[in-house]
Amino acid sequence: TYYRINITDNSYNKYSKIVLISNSLINFEIKSLINPFIDEISFDMTVPQDGPAVFTLIDLYGRIIKQEKQNVVEGWNTIQIYIPGYLPSGSYVLQVLYADQRISKKLIKVIN
């Protein structure tokens with residue numbers, strides 16, 4: 001089950017981050033990947049415990065375009081990776097490495 005809190009005070013309104021509450025094992029998964037992308041890769045991921053994750057964008061020739069390390073927390077995480085505007089449109093692969101697990105997703109970059 002996913003929860004977030006809506007904090008309201010007169011004209012002030014803010015939502016907390018999304019929290020995953022589960023009585024079973026939380027798996028390493030990528031959800032809601034926005035594809036195609038323009039200048040940022042955005043997705044949600046769940047992880048079973050706090051730790052570092054490495055995000056790598058690779059072109060179809062196997063060259064690393066961008067690599068970034070972020071700490072993620074147990075449960076739900078919203079990830080945004082900003083991509084240089086000069087990157088040409090085309091097909092790319094996003095690899096997410098967490099603990100000893102890797103997930104690869106094919107992405108399409110389009111020009112705005």
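Strands and a cavity in a predicted model

Colleague: In β3, which residue stands opposite T8?

Modeller: This is a predicted model. Strands β2 (residues 6–9) and β3 (residues 12–15) run antiparallel and are joined by four bridges. Within β3, the residue opposite T8 is N13.

Colleague: Which residue takes a positive phi in the hairpin of β2 and β3?

Modeller: The hairpin has two residues between its strands. A positive phi, near 55°, is found there at N10.

Colleague: Which residue in β6 is the bridge partner of I30?

Modeller: β5 pairs with β6 (residues 40–47) over three bridges, in the antiparallel sense. For I30, the bridge partner in β6 is M45.

Colleague: What volume does the largest cavity have?

Modeller: The cut-off applied is 30 Å³ or more, and the structure holds one such cavity. Its volume is about 30 Å³.

Colleague: Which strands each supply at least two residues of the lining of the largest cavity?

Modeller: The lining includes F55, T56 and L57, as well as K66, Q67 and E68. Also among the lining residues are I41, I81, I83 and L94. The strands that each supply at least two are β7 (51–59) and β8 (64–72).

Colleague: How many residues in the lining of the largest cavity are nonpolar?

Modeller: By class, two lining residues are polar and two are charged. The nonpolar ones number six.

Methods: Residues numbered from 1 in each chain as written. Predicted model: local features only at pLDDT ≥ 70, side-chain atom pairs only at ≥ 80, totals over all residues. Heavy atoms only, no water. Pairing = 2+ DSSP bridges. 1 Å grid on protein atoms, 1.4 Å probe; cavity = no way out; pocket = protein on both sides within 12 Å on 5 of 7 lines; lining within 4 Å. Points joined across faces, edges and corners; volume = space filled by probe spheres on them. Nonpolar A, V, L, I, M, F, W, Y, C, P; charged D, E, K, R; others polar.
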